[in-house]
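I opened the notebook to jot down what I looked up in this model. Follow along with the structure beside you.

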Amino acid sequence: MSAVEPLTDVSMWVRREGLEILLLLSGSLLLARFVGWIGAWITARIDANVQESDELVRSEDAKHRHALVQVVTWTVIVLIYVVTAIQIVMRLGVPLTSLVAPATVIGVALGFGAQRIVQDLLAGFFVITEHQYGYGDVIRLSIPGVGGPVQGTVEDVTLRMTQMRTVNGEVVITPNGQIVQVVNLSRDWARVVVDVPVPSTVDVSQVTNILQDVGAAAYADEHLRPLLLDPPTVMGVENIEVDTLSIRIVARTLPGKQFDVGRQLRARIANALRREGILVAPQLNTDTPSGQQ
């Protein structure tokens with residue numbers, strides 16, 4: 001390629017470098033749109049394959065592929081625009097060597113002013129490569145300065161931010177660098193823990209037998225059986241208060257299904273105890289921690 005001539009002949013420059021710049025801009029926009037379309041098509045195929053399969057929950061591999069496609073698509077689009085910008089600068093007659101010194105100064109300034117962005121990108125890189133969570137996972141994030149953990153379903157993961165939707169329908173967008181802890185509630189398997197408060201005067205053996213019957217019936221139910229990995233287990237007395245005591249029952253479930261199973265178990269337990277004339281406290285305290293295989 002011949003050296004770029006000074007901008008003395010505007011007409012000649014418009015017909016040569018100006019036209020090349022216009023073609024570069026148009027081509028980069030079309031290429032970026034094409035890459036975005038390819039990424040959307042691949043993610044749609046991944047989601048369609050999950051829906052067509054017999055699996056009740058999205059596999060970890062599908063979650064990771066979905067997140068990886070989004071990150072690769074975003075990275076390729078950024079590279080397209082960066083390369084296009086360099087080519088335009090060259091056709092404007094600005095030698096790249098003359099930009100080394102200003103770029104160094106700008107790089108130092110950005111190093112101090114954009115530390116948060118670099119931190120977000122590095123954190124997002126490890127989120128993707130370490131498979132910490134992906135599209136469709138139910139997670140709980142701990143963020144400094146926020147009153148409490150934020151829980152929701154992941155809808156988008158990029159190198160810079162994580163987007164999730166809470167149970168109330170709110171969309172929460174969090175820079176990856178601000179996340180100090182992630183609790184993944186849908187990895188491998190999950191556990192439902194139900195503490196049943198009953199009067200301290202009841203026969204513990206009777207309540208235990210009732211809960212065992214409820215667990216066996218739940219495991220035999222055609223709707224709940226696919227969600228349970230094994231029969232619910234009665235652990236025994238967990239807590240003793242002045243007027244009440246708590247008996248714990250736990251169950252392992254498919255990832256992300258612990259909430260549905262927990263609601264079903266609480267309803268079955270309340271009905272079974274009511275049939276036996278046993279009073280239950282105003283509510284059943286439930287915790288649903290996730291587990292790792």
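I looked for aromatic pairs and found 2 in the structure; rings of Phe, Tyr and Trp (its six-membered ring) pair if their centres lie within 6.5 Å, and planes under 30 degrees apart count as stacked, over 60 as edge-to-face and the rest as tilted. Phenylalanine 34 and tryptophan 37 make a stacked pair, because their ring centres are 6.2 Å apart and their planes are at 25°. I find both residues in helix H1 (residues 10-52), 3 residues apart, about one turn of the helix. Helices (H or I, at least four residues) and strands (E, at least two) are DSSP runs, numbered from the N terminus.

I checked accessibility next, where buried means under 20% relative accessible area, exposed over 50%, and partly exposed in between (1.4 Å probe, protein chains only). Phenylalanine 34 is partly exposed at 47%, and tryptophan 37 counts as exposed at 51%.

Then I turned to phenylalanine 125 and phenylalanine 126: their planes stand at 75° with ring centres 5.4 Å apart, so this pair is edge-to-face. Phenylalanine 125 is partly exposed at 43% relative accessible area, and phenylalanine 126 is partly exposed at 42%.

A note on sources: this is a predicted model, in which local features need pLDDT of at least 70 and side-chain atom pairs count only at pLDDT 80 or more, while totals for chains, interfaces and linings use all residues. Residues are numbered from 1 along each chain as its sequence is written, and side-chain values use heavy atoms, with hydrogens and water left out.

I also looked at tryptophan 189, and the charged end of arginine 252 sits over its ring, 4.9 Å from the centre. For that, NZ of Lys or CZ of Arg must be within 6 Å of the ring centre and within 35 degrees of the ring normal.

Which order do the strands of the open sheet take? I read E4-E3-E2-E1-E5, 5 strands with antiparallel pairing; two strands pair if DSSP finds at least two bridges between them. Strand E4 (171-175) and strand E5 (181-184) are the edges, each pairing on one side only. Strand E1 (residues 138-142) joins strand E2 (residues 150-157) over 4 antiparallel bridges. Valine 138 has threonine 153 in E2 as its bridge partner.

For the overall picture, I noted 6 helices and 10 strands in the protein. Of its 293 residues, 35% are buried.
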